[in-house]
Amino acid sequence: MNKMLKICQITSFLLFCFSINLMAQQHELDAETLKQANNPLSPKKAFNVHNYVMPSFYGVEDLTMNQLMFRYAQPVGRVFLRATMPFVTQSLPASQQTTGFGDFSVFAIYKLPSQKGLSYGVGPLLIAPTGSHNLGQGKWQTGLSAMAFFSKSHVIQFGTLLQWQTSFAGDDDRADISLLTPQIFFMWQLGGGTYLRSTGIWSFDLNRG
């Protein structure tokens with residue numbers, strides 16, 4: 001009986017040591033996984049849904065807009081593809097609320113050789129005028145996208161996506177497009193799978209200042 005108890009105690013101790021080691025390995029894996037989960041250049045397929053609320057616009061009185069973004073990302077070798085289709089709700093007090101699709105966009109960023117904790121790349125951008133009810137810009141557009149992401153720290157990660165687009169075809173009655181859009185990513189890992197994230201976007205109309 002004592003021998004059986006001793007065997008059980010030894011077995012329990014070994015299992016406990018194995019569990020502690022497994023938990024430590026899992027903690028390291030989780031930290032790295034959580035860090036890479038926010039990396040837009042991470043070589044993983046992803047489908048994301050984002051919602052952007054725009055309560056005001058510079059120079060346009062009383063205009064409000066909401067954009068629900070359906071976004072799919074797909075790595076192909078060293079190329080990172082990302083396609084976005086927005087669903088837009090726009091309202092002005094003087095008119096009825098307008099709802100429909102915005103312009104479809106896709107970019108392909110070639111991931112350049114980089115060191116651990118730093119990812120960056122550059123590639124072409126294409127925008128199709130799929131917007132309904134004039135919710136899009138009515139123009140075919142092309143341009144460049146550049147992205148960088150710094151992830152050396154397990155606590156803080158940050159990066160940027162810089163896009164420039166210009167129109168080359170489309171509705172002649174709509175204004176030509178030359179748009180610069182910088183976006184800053186900032187992630188603060190709080191632990192336990194919880195994090196705070198900011199992805200502020202600026203849009204600069206280079207044609208009209």
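Reader: Which residues does Arg82 touch, leaving out those up to four places away in sequence?
Author: Arg82 touches Arg71, Tyr72, Ala73, Ser105, Val106, Phe107 and Leu161, where contact means heavy atoms within 4.5 Å. Keep in mind that this is a predicted model, where local features need pLDDT of at least 70 and side-chain atom pairs count only at pLDDT 80 or more, while totals for chains, interfaces and linings use all residues. Residues are numbered from 1 along each chain as its sequence is written, and side-chain values use heavy atoms, with hydrogens and water left out.

Reader: OK, and where is Arg82 found?
Author: Arg82 is in strand 3. Strands (E, at least two residues) are DSSP runs, numbered from the N terminus.

Reader: Is Arg82 buried or exposed?
Author: Arg82 is buried, yet it has no salt bridge. Buried means under 20% relative accessible area, exposed over 50%, and partly exposed in between (1.4 Å probe, protein chains only). A salt bridge is a side-chain nitrogen of Lys or Arg within 4 Å of a carboxyl oxygen of Asp or Glu.

Reader: So which side chain of opposite charge is nearest to Arg82?
Author: That's Asp103, 14 Å away. For charge, Lys and Arg count as positive and Asp and Glu as negative, while His and the chain ends are not counted.

Reader: How many salt bridges are there, by this rule?
Author: The count comes to 2 salt bridges. Lys139 and Asp176 form a salt bridge at 3.4 Å, N to O. That pair links distant parts of the chain, 37 residues apart, with Lys139 in strand 7 and Asp176 in the loop between strand 8 and strand 9. Asp205 and Arg208 also meet in a salt bridge, at 2.8 Å, N to O.

Reader: Why does Arg208 count as exposed?
Author: Because its relative accessibility is 67%. Asp205 is partly exposed, at 26%.

Reader: New topic: what's the volume of the largest pocket?
Author: About 2,000 Å³. On a 1 Å grid over the protein atoms alone, a pocket is an open set of points where a 1.4 Å probe fits, with protein on both sides within 12 Å along at least five of seven lines; lining residues have an atom within 4 Å of a point. Grid points are joined across faces, edges and corners, and a volume is the space filled by probe spheres set on the points.

Reader: How many residues line the largest pocket?
Author: The lining has 47 residues, with Phe57, Gln67, Gln137, Leu179 and Ser203 nearest the centre. Strand 3 gives the largest share, 5 residues.

Definitions and conventions
Helices (H or I, at least four residues) and strands (E, at least two) are DSSP runs, numbered from the N terminus.
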